[in-house]
Amino acid sequence: MLRQLLPRCGRAFRAPTARQLLPLRAVQAARCYSIKPEAASTSKPVGIDPSRLTITKTTTPKTPSDPATLVFGREFTDHMLTIEWTRQDGWLPPQIAPYQNLSLDPATCVFHYAFECFEGLKAYKDKSGNVRLFRPDKNMQRFNKSAARIALPTFEPTALIDLMSKFTKLEERFIPNQRGYSLYLRPTMIGTQKTIGVGAPGSALLYIIASPVGPYYPTGFKAVSLEATNYAVRAWPGGVGDKKLGANYAPCIVPQLEAGSRGFQQNLWLFGEEEYVTEVGTMNMFVAIKNKETGQKELITAPLDGTILAGITRDSILSLAREKLAPEGWAVVERKYTMKELDEASQEGRLMEAFGSGTAAIVSPVRKISWKGKLVDCGLNELEESGEIALRMKGWMEARQYGDEEHAWSYVC
């Protein structure tokens, strides 16, 4: 009955009769926008088959660059993994082929309606030469959620991890044998149907490319200063800011450029009249504060309420904090907090440190935040580039990424 009563795009909506309103009132909370994204997509993982993989190696292999010259995201390996999908046939046989341009019709739906989502994760080489992925199951889980939200097909995570592992092993010579270096993997999915009609794509392409990268801070940690952004919003409840969609990123560039024009390295996204702290640039945000009433040390980050991305690094930091900091007396808290609260804690000497978290840098320490014409000090003295918690988190994370500590988060290819 509800489905019959809900308005449909492009069709006239007839007002329900009094008799029809009775069952409607019983489910009045179920509005159009609350329909689960799976309703517009494939509700169950379908048919990627790693056993059907074909590999065509390049005839012109590149020589890996000097690690010292690497710039994030500028250089790519010899090959790419591609898997096509059609509504009629499901997932077609996967292929690894030489890195090449894509050929797409100008009417392809990805260009017009942003049917695109992606992931970002890294492959590391341990002391024994093994290649390791870091928590790929979490990336694939998020990849599926993003795809479902924009009516793209979903897939079986273990199948894609298997294929990604084979692809990474093929390209392992591009991973420098030095600490701090890795191979950045970019799984991407786009709608490929040739149409400018608005609707769920009838075809899609999933592909993975790889880029060798060095340390985010080649000469060591450098604390950044932020400008609080309250004139633009990155995400909002009920929106798609918690999904990794390409369409979320382009609108963020202008506020970042605005902050840069005033001498700040990045912007800090605030939300609502209360000015809740959400994300820093394209990273999650953490603060270490002494509780005003109890004096207890607290590591705080915003909750997963739809206004922030569920970062894999964020999740890892929270897990590590509960495992290693909680026994030291720390409280690990996911809650909303405001810029006013940070300013007050800073003035009272309770704001110990602040840092962003993400795949590229792991952690990025924050020195100051510009807010309402003043600079809010985030706990570092002039000679410090990082607080203690950020440094410890970086060390704990790298130990698992590089296999120094054997852990379930590290997937050996």
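A114 lies in the loop between α3 (109–113) and β5 (116–118) of this predicted model. Helices (H or I, at least four residues) and strands (E, at least two) are DSSP runs, numbered from the N terminus. A114 is not a glycine, yet its phi is positive, at about 60°. With a relative accessible area of 37%, A114 is partly exposed. Here buried means under 20% relative accessible area, exposed means over 50%, and partly exposed lies in between (1.4 Å probe, protein chains only).

The structure is a predicted model, in which local features need pLDDT of at least 70, side-chain atom pairs count only at pLDDT 80 or more, and totals for chains, interfaces and linings use all residues. Residues are numbered from 1 along each chain as its sequence is written, and side-chain values use heavy atoms, with hydrogens and water left out.

E275 also has a positive phi without being a glycine, with a value near 60°. E275 sits in the loop between β11 and β12. Its relative accessible area is 10%, so E275 is buried.

The chain as a whole holds 9 helices and 19 strands. Of its 413 residues, 50% are buried. Contact means heavy atoms within 4.5 Å. Among contacts in the chain with a separation of 6 or more, 73% are accounted for by residues 24 or more positions apart.

Two loop residues illustrate exposed positions. Q88 is found between β2 (79–86) and β3 (90–91). It is exposed, with a relative accessible area of 65%. Q88 and S203 are 115 residues apart in sequence, but their C-alpha atoms are 8.9 Å apart in space. P218 occupies the loop between β9 (203–213) and β10 (224–229). The relative accessible area of P218 is 69%, so P218 is exposed. From P218 to Y181 there are 37 residues in sequence and 10.0 Å in space, C-alpha to C-alpha.

Helix pairs come next. Two packed helices are described by the angle between their axes and the distance between the axes. Axes are lines fitted to C-alpha atoms, for helices over the stretch in contact, and angles run from 0 to 180 degrees between N-to-C directions. The axes of helix α4 (residues 136–149) and helix α5 (residues 157–170) come within 10 Å and cross at roughly 125°. That angle makes α4 oblique to α5. Angles under 35 degrees count as roughly parallel, over 145 as roughly antiparallel, 65 to 115 as roughly perpendicular, and the rest as oblique. The crossing of α4 and α5 is right-handed. A crossing is right-handed if the near helix is turned clockwise from the far one by less than a right angle, and left-handed if anticlockwise.

On the α4 side, the contact is made by P136, D137, M140, F143 and N144. On the α5 side, it is made by P157, L160, I161 and M164. These residues divide into 7 nonpolar, 1 polar and 1 charged. Ala, Val, Leu, Ile, Met, Phe, Trp, Tyr, Cys and Pro count as nonpolar, Asp, Glu, Lys and Arg as charged, and the others, Gly among them, as polar.

T168 is another residue of helix α5. Its relative accessibility is 0%, so T168 counts as buried. Leaving out residues up to four places away in sequence, T168 touches A123, V131, L133, L183, L185 and C413.

Helix α6 (residues 253–261) has P255, Q256 and A259 as its buried residues. They cover an arc of only 100° around the axis, so they lie on the same side of α6. The arc is that of the directions from the helix axis to the C-beta atoms. V254, L257 and S261 are exposed on the other side of α6. The cover over the buried residues of α6 includes β10 and β11. Just after α6, G263 has a positive phi of about 90°.

In helix α8 (residues 339–347), the buried residues are M339, L342, D343, A345 and S346. Their arc around the axis is only 165°, which puts them on the same side of α8. K340 and Q347 are exposed on the face of α8 turned away from its buried side. Strands covering the buried residues of α8 include β11 (266–271), β12 (276–280), β13 (283–290), β16 (351–358), β17 (362–371) and β18 (374–377). Just after α8, G349 takes a positive phi of about 75°.
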